[in-house]
Structure formats: C-alpha cells, structure tokens
Amino acid sequence: MSVFMLACIIAAGLGLTMAAVAAIIRIVRGPTILDRMIASDVLLTTLMLVVGADMVVRNHTDTIPLMTVIGATATLATIVVARFVKRRADVPRDPDRLRGDSNV
C-alpha cells in the first residue's frame with residue numbers, strides 16, 4: 001500500500017469519525033424530533049460510507065446487501081417520523097386538557 005493510499009484512508013477515517021460524532025451529539029441534544037431524525041439519517045449515511053470505504057480498501061463487494069439494508073432503514077425511518085410529525089401537528093390542542101383544568 002502506498003503512502004498516498006494510507007494518507008487517504010486515514011483522512012477518510014477521521015472525516016467519517018467526526019461526522020458520526022457530530023451526528024450522535026445532535027441526536028442526544030435534539031431539541032426536536034426532526035433534528036434527531038436528520039441526525040440519525042446522517043449517522044446511517046456515515047455508516048454506509050464506512051462500509052463502502054471498507055469495500056474499497058479490502059477490494060471486495062461482500063457487504064453490498066448490508067449497504068442496501070442500511071439505506072432502506074434510513075428511508076423508511078424518515079417516512080415514519082415524517083408521518084408521525086404530520087399527524088401530531090394535525091391534532092387540535094385543547095388548552096384546558098394541557099393544564100389539567102378540565103371539568104370532566
């Protein structure tokens with residue numbers, strides 16, 4: 001392996017690690033569910049890039065099904081959360097119920 005290839009692998013590893021750490025921080029800190037969903041998409045995309053980089057470095061294609069599953073999971077999770085947020089936004093809010101002052 002050449003010095004240039006080793007430098008590229010190290011640079012890619014550092015960049016992907018920084019992206020994963022930033023995504024995890026955003027998942028933990030939030031503040032909204034949409035922020036967390038975008039961060040989880042970034043984390044899954046970063047994981048897919050790590051698997052792709054591994055395929056390039058080791059010169060194999062054995063983990064293509066794993067990349068497909070990761071991509072499908074990210075897509076379906078985004079759709080589910082978007083539908084949840086839309087339904088939640090469509091529900092009218094009752095201020096009395098939120099305060100606990102209802103006469104029921």
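Helix H3 (residues 64–90) has 27 residues and should span 39 Å at 1.5 Å a residue, which agrees with the 39 Å between its end C-alpha atoms; the expected span is 1.5 Å times one less than the number of residues. Helices here are DSSP runs of H or I with at least four residues, numbered from the N terminus. The model is predicted, so local features need pLDDT of at least 70 and side-chain atom pairs count only at pLDDT 80 or more, while totals for chains, interfaces and linings use all residues. Residues are numbered from 1 along each chain as its sequence is written, and side-chain values use heavy atoms, with hydrogens and water left out.

Helix H2 covers residues 33–58 and contains threonine 46, which is buried, with a relative accessible area of 6%. Beyond its neighbours within four places in sequence, threonine 46 is in contact (heavy atoms within 4.5 Å) with Leu16, Ala19 and Ala20.

Turning to the largest pocket, its space comes to about 200 Å³. A pocket is an open set of points on a 1 Å grid over the protein atoms alone where a 1.4 Å probe fits, with protein on both sides within 12 Å along at least five of seven lines; lining residues have an atom within 4 Å of a point. Helix H1 (3–29) and H2 each supply at least two lining residues. Among the residues of the lining are Met5, Leu16, Val50 and Arg58.

Terms used:
Buried means under 20% relative accessible area, exposed over 50%, partly exposed in between (1.4 Å probe, protein chains only). Grid points are joined across faces, edges and corners, and a volume is the space filled by probe spheres set on the points.
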